[in-house]
Amino acid sequence: MASKSHSNDEEVETKEMDIRSLSSSRRHVHSTQYLHKVGVPPKQNLFKEFTATVKETLFADDPLRHFKDQPRYRKLILGIQAIFPILEWGRSYSWRKFRGDLIAGLTIASLCIPQDIGYAKLANLDPQYGLYSSFVPPLIYAFMGSSRDIAIGPVAVVSLLLGTMLSSEIDPIKNAAEYRRLAFTATFFAGITQVTLGFLRLGFLIDFLSHAAIVGFMAGAAVTISLQQLKGLLGIKNFTKKTDIISVMHSVWGNVHHGWNWQTILIGVSFLSFLLLVKYIGKKNKKFFWVPAIAPLISVVLSTFFVYITHAEKKGVQIVNHIEKGINPSSVNQIYFSGEYLLKGLKIGVVAGMIALTEAVAIGRTFASMKDYQLDGNKEMVSLGAMNVVGSMTSCYVATGSFSRSAVNFMAGCETAVSNIIMSGVVFLTLEFITPLFKYTPNAILAAIIISAVVGLFDVPAAILIWKIDKFDFVACLGAFLGVVFSSVEIGVLIAVSISFAKILLQVTRPRTAILGKLPRTTVYRNILQYPEAAKVPGVLIVRVDSAIYFSNSNYVKERILRWLMDEEEQVKAACQPTIQFLIVEMSPVTDIDTSGIHALEELYRSLQKKNVQLILANPGPVVIDKLHASDFANLIGDDKIFLTVSDAVSSCSPNLVEEV
C-alpha cells in the first residue's frame with residue numbers, strides 16, 4: 001500500500017515538472033517569437049540626404065509650402081504678400097478693426113512721445129531723433145511686419161547700449177556731428193545684420209542668448225538706466241560718463257553739497273511717485289490700463305506748464321530747450337561707407353542689431369501666443385532689418401519692439417499693425433506743429449518717465465523661477481546682471497553670451513548617464529535614482545547615455561561607463577553577489593554618433609573583453625545603427641548583441657536571472 005502511494009506521488013511530481021517545463025518552454029517560445037531585431041534603414045542618396053538636412057536646419061517651417069501646386073501668377077501674388085503681409089490681411093480689413101487700431105494707436109502715441117525724447121537723451125542724441133525713430137520705422141514695419149501687436153520705436157536698453165558704445169568712440173558733446181554719423185552707420189549695419197539673419201534663415205542664432213541671461217541682462221540694464229537718470233532727477237550738471245554703479249554713485253555723492261538742485265528734485269520725485277502710483281493702479285485693475293499709458297504725457301504737460309509759469313529754469317532747473325521742428329531729414333550722405341569709423345559702426349551695429357532683434361522677436365512671440373497666431377521669426381527679422389536700414393537713411397537710430405508700448409497696444413485692443421501707422425501719424429503731427437511746446441519741459445520729468453518705464457524690466461518672479469528650476473541658469477542670469485551693473489552694457493552682453501555658450505558646451509561635453517533597474521512586475525527599465533523601487537538585474541549592468549555621442553564627449557562617455565562598471569563591481573564584490581557579466585548600453589536618447597563616438601565604443605568593447613564582460617546595445621536609432629553597420633562595429637560585437645529593447649537584451653543574455661528580479 002505504501003509502495004503504491006509512493007508511486008502515485010512520483011507520477012504527480014513528474015507531471016508537475018512536465019507542466020513547468022512546458023510552461024517554461026512556451027514562455028521561451030513566446031519571448032523568442034516577439035524578439036524583434038533592430039532595423040537598419042535603407043541607404044539614402046547622398047545628395048538627397050544633404051538637401052534634407054539643409055532643409056530641416058534652415059527651412060524647418062517649410063516657408064514655401066503655400067507656393068506648391070500654384071499657377072505662376074498666383075505664386076507672384078503670394079511672393080509679394082510674403083514681403084508685404086499688409087496686402088494679405090488688408091483685404092479683410094474692416095471698420096471694426098480700424099476702431100480698435102485707432103484707439104490703440106492714439107494710446108501708444110501718448111506714451112511714445114515723452115519716452116522718445118528721453119530715450120534719445122539716453123543715446124546721447126538730440127530729442128528730435130527719438131521722435132524721428134517713431135515716425136519712419138513704424139510705417140515700414142506696418143507694411144512688412146507680421147505681428148499684429150508689436151509697437152515699434154526706440155527702447156531703453158538699445159538706447160543705453162548705443163549711447164555707451166558710441167560715446168566710447170566719439171565724444172557726443174565735442175564732436176556731435178561725427179557722433180550722429182556713427183549712430184546712423186551703426187543703425188544701418190544693425191538693419192543689414194537683421195536682414196541677413198532673416199534672409200539666410202539664421203534666426204536660431206539669437207536663441208543662443210538664453211532666457212535666463214536675457215532676464216539678468218534686462219534687470220542689469222534697468223539698474224544702469226535708472227542710475228543714469230539720477231543726473232536729470234537730481235539736477236547734476238557735472239556727471240560721470242561711465243555707467244558702472246560705483247562710478248555713478250561716486251559722481252552722485254560727490255555733487256551732494258553743490259551739484260544737487262532742490263527744485264529739480266521736487267519736480268522729479270513728485271512726478272516719479274505719480275507715475276509709479278498710476279502704473280500700480282493699471283497693473284492691479286486692467287480696466288485702467290490707459291491711465292499709466294497717458295500718465296507720461298500728462299506729466300510732461302503739467303511739468304512744462306509749471307516750469308513756464310514759475311520760470312524755474314532760472315533757478316537751476318535744466319530744461320529740454322530747443323527741439324528741431326519738421327519731419328526726418330535725409331541722412332544717406334552721413335553714413336560712413338569708408339574710413340576708420342566704418343568698422344566701428346559695423347561692430348556696434350551688429351551688437352545693437354542682435355539685442356534689438358532678441359527683444360523684438362521675444363515680444364512678438366509672446367503676444368502671438370496670447371492671440372493664438374503664428375509668427376514667422378525669420379520674416380520678422382527681415383522686416384525689422386528693412387525698417388532700420390531705411391531708418392538709418394532718414395535720421396533714425398535703432399528701433400525695435402518696445403515691451404511697454406506693445407503691452408499697452410495689446411491692452412488697448414489693437415487688431416493689426418495699423419496701430420503703428422496711427423502712432424506714426426501722431427508723431428508726424430507732433431514734429432510738424434507741437435515740438436516748440438516742449439521747450440520748457442524739465443529734464444527731471446524725462447528722467448522720471450524713463451525710470452518708471454524700466455521698472456518693468458525687473459522680472460523678479462522669473463528670476464525666482466529660474467533659481468528653482470536650474471541653478472546653472474541662475475548663474476547665467478546673475479552673471480549678466482552683475483556684468484551690466486558693475487562694468488558696462490557690453491561686458492554684460494559678453495558675460496550673458498559666454499555663460500550661455502558655457503552651458504551648451506557643458507551639456508554637450510558632459511552628458512548625463514544613468515544606471516537603469518527593472519520596475520517591479522513590469523518589463524520596463526528606468527533610472528534607479530528616479531525610481532528607487534527599480535531593481536538591478538544580478539550580473540547585468542544597464543547604463544543609459546542621455547546625449548548624442550560626438551568627438552566632444554566620446555572619451556568622457558567611455559570613461560564614465562567604465563567608472564560605472566568599476567563602482568558596480570566593487571559593490572557586488574562587497575555584497576557577495578554574482579559578478580557583472582553583461583554591460584547593456586541603452587541608446588534610445590543617442591540621436592547621433594560620429595567617428596570619434598564609434599572609436600570610443602570600440603575602445604569600450606576591447607576594455608570590456610579584458611574584463612570578460614560582454615557589451616550589448618539596446619535600441620540604437622536609425623542614424624546610429626546605420627553608422628554602426630557602416631563602420632563595421634555591428635559585426636565586431638555581433639548582430640546578436642544589438643536588441644530592440646532593454647527587456648529583450650536582458651531576457652536573451654540572462655533569462656534565468658531576470659526572472660528572479
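## Basis of the values

The model is predicted, so local features need pLDDT of at least 70 and side-chain atom pairs count only at pLDDT 80 or more, while totals for chains, interfaces and linings use all residues. Residues are numbered from 1 along each chain as its sequence is written, and side-chain values use heavy atoms, with hydrogens and water left out.

Helices (H or I, at least four residues) and strands (E, at least two) are DSSP runs, numbered from the N terminus.

## Helices H5 and H18

Two packed helices are described by the angle between their axes and the distance between the axes. For helix H5 (residues 95-122) and helix H18 (residues 418-434), the axes come within 7 Å and cross at roughly 45 degrees. That makes H5 oblique to H18. Axes are lines fitted to C-alpha atoms, for helices over the stretch in contact, and angles run from 0 to 180 degrees between N-to-C directions. Angles under 35 degrees count as roughly parallel, over 145 as roughly antiparallel, 65 to 115 as roughly perpendicular, and the rest as oblique. The crossing of H5 and H18 is right-handed (the near helix is turned clockwise from the far one by less than a right angle).

On the H5 side, the residues in contact (heavy atoms within 4.5 Å) include Phe 98, Asp 101, Leu 102 and Ile 113. Their counterparts in H18 include Val 418, Ile 422, Met 423 and Thr 430. By class, the contact of H5 with H18 has 13 nonpolar, three polar and one charged residues. In this scheme Ala, Val, Leu, Ile, Met, Phe, Trp, Tyr, Cys and Pro count as nonpolar, Asp, Glu, Lys and Arg as charged, and the others, Gly among them, as polar.

## Salt bridges

The model has 13 salt bridges, each defined as a side-chain nitrogen of Lys or Arg within 4 Å of a carboxyl oxygen of Asp or Glu. One of them joins Lys 344 to Glu 169, with the closest N and O atoms 3.3 Å apart. Lys 344 lies in helix H15 (residues 341-371) and Glu 169 in the loop between helix H8 (156-167) and helix H9 (176-199), so the pair ties together parts that are 175 residues apart in sequence. Lys 344 is partly exposed at 25% relative accessibility (buried means under 20% relative accessible area, exposed over 50%, partly exposed in between, with a 1.4 Å probe and protein chains only). Glu 169 is also partly exposed, at 25%.

Asp 470 and Lys 503 meet in a salt bridge of 3.2 Å, N to O. Asp 470 is in the loop between helix H20 (460-469) and helix H21 (471-486), and Lys 503 is in helix H22 (residues 489-509), so the pair ties together parts 33 residues apart in sequence. Asp 470 is partly exposed at 23%, whereas Lys 503 is buried at 19%. Lys 536 and Glu 568 form a salt bridge of 3.0 Å, N to O. Here Lys 536 is partly exposed at 32% and Glu 568 is buried at 8%.

Asn 124 is not a glycine, but has a positive phi of about 65 degrees. Asn 124 sits in the loop between H5 and helix H6 (127-132) and is partly exposed, with a relative accessible area of 34%.

Cys 576, likewise not a glycine, has a positive phi of about 55 degrees. Cys 576 lies in the loop between H23 and strand E6 (582-586) and counts as exposed at 72% relative accessibility.
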